[in-house]
Amino acid sequence: MNFSLRQKNLRLQLGESEIDALLVSHLPNIRYLCGFTGSAGFLLVSEREKVFFTDSRYRKQAQEQVKGAKVIIARNAVLKAVGDWIRDRRRRWKLGIEAEHLTVAERKRLLEFLPSGLRLRTAPPLVERARMVKDIEELRLIRSAVQLGAALFDRALEVIKPGVKEVEVAAEMEYEARRGGAEGMSFPTIIASGARSALPHGRASEQCIAPGGFVVCDFGVILAGYCSDQTRTVWVGLELEKARSAYYAVKAAQEAAIAAVRPGITVGDVDSAARKVLAKSGFGRYFTHSTGHGVGLEIHEPPRVAAAQTEVLKPGMVITIEPGIYFPGEWGIRIEDMVAVTDGGCEVLTPTGKDFVAV
Ligand code: ZN
Ligand code: ZN
């Protein structure tokens, strides 16, 4: 990973954002900037200095992992070490904080430890913005995560049948994930059958899969830090014409949105490409969530692919395309792929077929 380039880019952004230094507290941002994968630490980046603060549990790990920044092991509270470091150097900074990721209590503590001449500023999401465009190495890791994630669905298809509990399907998939090297699931596996398939986020429950309904499978793995995210919906039992045509309406909407993905287009336009197709087939009002989201070190990261969002797609961005329709009390359908924006359009990363499957 080219940490020095990432750090340099951030330092260039500081001046433009009218802050002298940024205190990075969001762990995925810290990992992105310096490689640290532990669960406690702060990275301070100014025009000239890069210092990583953590506690003694992470002494060895920080020394091994942290690239391009001085490592300081705090004797007491980590934020006190940050405050002391700034105070000792008599910095009169406008110090940027990540408002979305610093707790109220942390902010209060920070103010106690900082010298009085220093002002805190809410920084724009500089690191999140940089993270939206993936470099070649990140794309390689994301591809590997997507491949492993897709293999879980093959396993699911072997297990899904009437009488099997949703959690049993999830358990088989998660076992497969671990065997394939996953560090974990990128979110709690969703296996939603019968009327539960109409819940867009129906985590696997004790419910037994019954014939005559859809099963929505939404799942992903974390592999080498990067997340995958995929949804497939299968029918259980005798095929129903109504279910089949609704399924193909969702598939057409999903493919229309994928066809719209290219550099220069806004994410709002990608969202409306999916929405238009579903409106035309009469399902518009059953599509109740946004079309997708960015994926990378986090399962949900910018950009949001939603109505009226103005973020413009650039090559290297990785987003999901996941329209769905939900009939409360009956059933629901969602199809989700991950795509990478390329110079000429996009590459669909998810290898799994999308035809109607009945088991
Ligand atoms: Zn998903
Ligand atoms: Zn998703």
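Glu18 lies in the loop between α1 and β1 (21-24). The model is a predicted one, and in it the phi of Glu18 is near 55 degrees, a positive value in a residue other than glycine. Most residues other than glycine have a negative phi. Glu18 counts as exposed because its relative accessibility is 60%, and the cut-off for exposed is over 50%.

Ala224 also has a positive phi, near 50 degrees, and is likewise a residue other than glycine. Its place is the loop between β10 (221-223) and β11. With a relative accessible area of 36%, Ala224 is partly exposed.

## Cis peptide at Pro302 and Pro303

The peptide bond that joins Pro302 and Pro303 is cis, with omega at about 0 degrees. Pro303 belongs to strand β14, which covers residues 301-305. Most peptide bonds are trans.

Helix α2 spans residues 27-34 and is mostly covered, with 6 of its 8 residues buried. The buried residues are Pro28, Asn29, Ile30, Tyr32, Leu33 and Cys34. Gly35 follows α2 and has a positive phi, near 95 degrees.

Helix α1 (residues 3-16) and α2 cross at roughly 115 degrees, and their axes come within 7 Å. On the α1 side the contact is made by Phe3, Arg6, Gln7 and Leu10, and on the α2 side by Arg31, Tyr32, Leu33 and Cys34. By class, the residues of this contact divide into 5 nonpolar, 1 polar and 2 charged. Tyr32, Leu33 and Cys34 of α2 take part in the contact with α1 and are also among the buried residues of α2.

## Surroundings of Val66

Val66 sits in the loop between α3 (59-65) and β4 (70-73). Its relative accessibility is 9%, so Val66 counts as buried. Leaving aside residues up to four places away in sequence, Val66 touches Cys34, Phe36, Phe52, Gln61 and Val71. One of these, Cys34, is a buried residue of α2. The C-alpha atoms of Val66 and Ile30 are separated by 9.4 Å, and the two residues are 36 residues apart along the chain.

## Packing of α7 against α8

Helix α7 (residues 136-159) packs with helix α8 (residues 166-179) at an angle of about 145 degrees, and the axes are 9 Å apart. The crossing of α7 past α8 is right-handed. From α7 the contact uses Leu148, Leu152, Phe153, Arg155, Ala156 and Val159, and from α8 it uses Val169, Glu172, Met173, Glu176 and Ala177. The contact of α7 with α8 has 8 nonpolar and 3 charged residues, and no polar ones.

An α-helix has 3.6 residues a turn, so residues three or four places apart point the same way. Among the α7 contact residues are Leu148, Leu152, Ala156 and Val159.

## Zinc ion (ligand 1)

The zinc ion (ligand 1) is coordinated at 2.0 to 2.7 Å by Asp218 (OD), Asp218 (OD), Asp229 (OD) and Glu336 (OE). Along the chain these donors follow the spacing D-x10-D-x106-E. The arrangement is irregular because the 4 donor atoms subtend angles of 54 to 151 degrees, whereas a tetrahedral site needs all angles between 85 and 135 degrees.

Asp229 bridges the zinc ion (ligand 1) and the zinc ion (ligand 2), which lie 3.1 Å apart.

## Zinc ion (ligand 2)

Asp229 (OD), His293 (NE2), Glu322 (OE) and Glu336 (OE) coordinate the zinc ion (ligand 2) at 2.0 to 2.2 Å. The site of the zinc ion (ligand 2) is irregular, with angles of 79 to 153 degrees among its 4 donor atoms. In sequence its donor residues are spaced D-x63-H-x28-E-x13-E.

Asp229 lies in the loop between β11 and β12 and His293 in strand β13 (residues 292-294), so the pair ties together parts that are 64 residues apart in sequence. Asp229 counts as buried because its relative accessibility is 4%. His293, at 8% relative accessibility, counts as buried too.

Definitions and conventions
Residues numbered from 1 in each chain as written. Chains lettered and ligands numbered in written order. Predicted model: local features only at pLDDT ≥ 70, side-chain atom pairs only at ≥ 80, totals over all residues. Heavy atoms only, no water. Donors = N, O, S within 2.8 Å, 3.2 Å for Na, K, Ca; no water. Tetrahedral: all angles 85-135°; square planar, octahedral: opposite > 155°, others 65-115°. Axes fitted to C-alpha atoms, helices over the stretch in contact; angles between N-to-C directions. Helix = DSSP H or I, 4+ residues; strand = E, 2+ residues; numbered from the N terminus. Left-handed = near helix turned anticlockwise from the far one by under 90°. Contact = heavy atoms within 4.5 Å. Nonpolar A, V, L, I, M, F, W, Y, C, P; charged D, E, K, R; others polar. Buried < 20%, exposed > 50% of the residue type's maximum accessible area, 1.4 Å probe, protein only.
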